[in-house]
Amino acid sequence: MTEAAELPPAPEQARDVFGDRYTDAVRYAELLAEAGVQRGLIGPREVPRLWERHLLNCAVLSEVVPEGVTVCDVGSGAGLPGIPLALVREDLKITLLEPLLRRTNFLTEVVELLGLDHVTVVRGRAEEVLGTLQPVHVVTARAVAPLDRLAGWGIPLLRPYGEMLALKGDTAEEELKSAAAALSKLGAVKTSILHVGEGVVDPLSTVVRVEVGESPGGVRFAAKRAKAARTGRARRHR
């Protein structure tokens, strides 16, 4: 039996969530079950639960993303949550940021195949693109790292008064408490835990929201961003 044969049919909720992009969501699920497994991007045991645990779990993040904003999906991996979010929200400009070549190759193939014109794939680590990637309104992430480390990578990519939305599991509250001091140093002004996906996923998807003030990343990253911007201007004027 092939891994693709283990992919269950899309649940009825998928039609409501993805709407006009439903067939693209099905194709993406098939790509994850086939090429995603073959290339080691997801484990074969995840195939039977791709819809509930991965695609729908990520798509409902759209409930808390503001309209018409720029988004950077940090450590995008196989495109979760960035691609499901892109399928349900064509009003967003999304960057899938991923350091590994085999993953960015897969992401580029998916974006082109599904015609996601509002999505850009960038290869690199968050700390490497700081100053070259235009600051965004929203940073998203899922299963990348503990919250304190994730915040150190993601928050500096935000515009002033932006927010980081991290999909987390049962450890969300514990991680938020242990990361409090680090988040404060990074310029966070408000944190909250949200539960999204009512009527779509069970259990609900848990999202940690971290809102920043006028200096995302804190003073140190503000200086680093300014230096990168000056370097960029100097290169352009040569």
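**A walk through the chain**

Modeller: Of the 238 residues of the protein chain, 50% count as buried; buried means under 20% relative accessible area, exposed means over 50%, and partly exposed is in between, using a 1.4 Å probe and protein chains only.

Biologist: Okay, and what should I know about the model itself?

Modeller: This is a predicted model, where local features need pLDDT of at least 70, side-chain atom pairs count only at pLDDT 80 or more, and totals for chains, interfaces and linings use all residues. Residues are numbered from 1 along each chain as its sequence is written, and side-chain values use heavy atoms, with hydrogens and water left out.

Biologist: How many helices and strands does the protein chain have?

Modeller: The protein chain has 10 helices and 7 strands. Helices (H or I, at least four residues) and strands (E, at least two) are DSSP runs, numbered from the N terminus.

Biologist: Which residues are buried in helix α7?

Modeller: In α7, residues 147–154, the buried ones are Leu147, Leu150, Ala151 and Gly154. They sit on the same side of α7, because they cover an arc of only 100° around the axis. That arc is taken from the directions from the helix axis to the C-beta atoms.

Biologist: And what covers the buried residues of α7?

Modeller: The cover includes strands β1 (70–74), β4 (136–142), β5 (158–168) and β7 (205–212), plus helices α8 (172–178) and α9 (180–185). Contact here means heavy atoms within 4.5 Å.

Biologist: Switching topic: at what angle do α2 and α3 pack?

Modeller: Helix α2 (residues 22–38) packs against helix α3 (residues 50–59) at about 120°, and their axes are 12 Å apart. So α2 is oblique to α3. Axes are lines fitted to C-alpha atoms, for helices over the stretch in contact, and angles run from 0 to 180 degrees between N-to-C directions. Under 35 degrees counts as roughly parallel, over 145 as roughly antiparallel, 65 to 115 as roughly perpendicular, and the rest as oblique.

Biologist: Which residues of α2 and α3 meet?

Modeller: From α2 you have Ala25, Val26, Tyr28, Ala29, Leu32 and Ala33, and they meet Leu50, Trp51 and Leu55 of α3. The residues of that contact divide into 9 nonpolar, no polar and no charged. Nonpolar covers Ala, Val, Leu, Ile, Met, Phe, Trp, Tyr, Cys and Pro; charged covers Asp, Glu, Lys and Arg; the others, Gly among them, are polar.

Biologist: What about Glu34, where is that?

Modeller: Glu34 is in helix α2, and it's partly exposed at 30% relative accessible area. Its C-alpha is 9.3 Å from that of Pro44, which is 10 residues away along the chain.

Biologist: What's phi like at Tyr161?

Modeller: Phi there is near 65°, a positive value in a residue other than glycine. Tyr161 is in strand β5 and is exposed, with 60% relative accessible area.

Biologist: Last one: which residues does Arg125 contact, leaving aside neighbours within four places in sequence?

Modeller: Arg125 is in contact with Leu97 and Pro99. Arg125 lies in the loop between β3 (119–123) and α6 (126–129), partly exposed at 44% relative accessibility.
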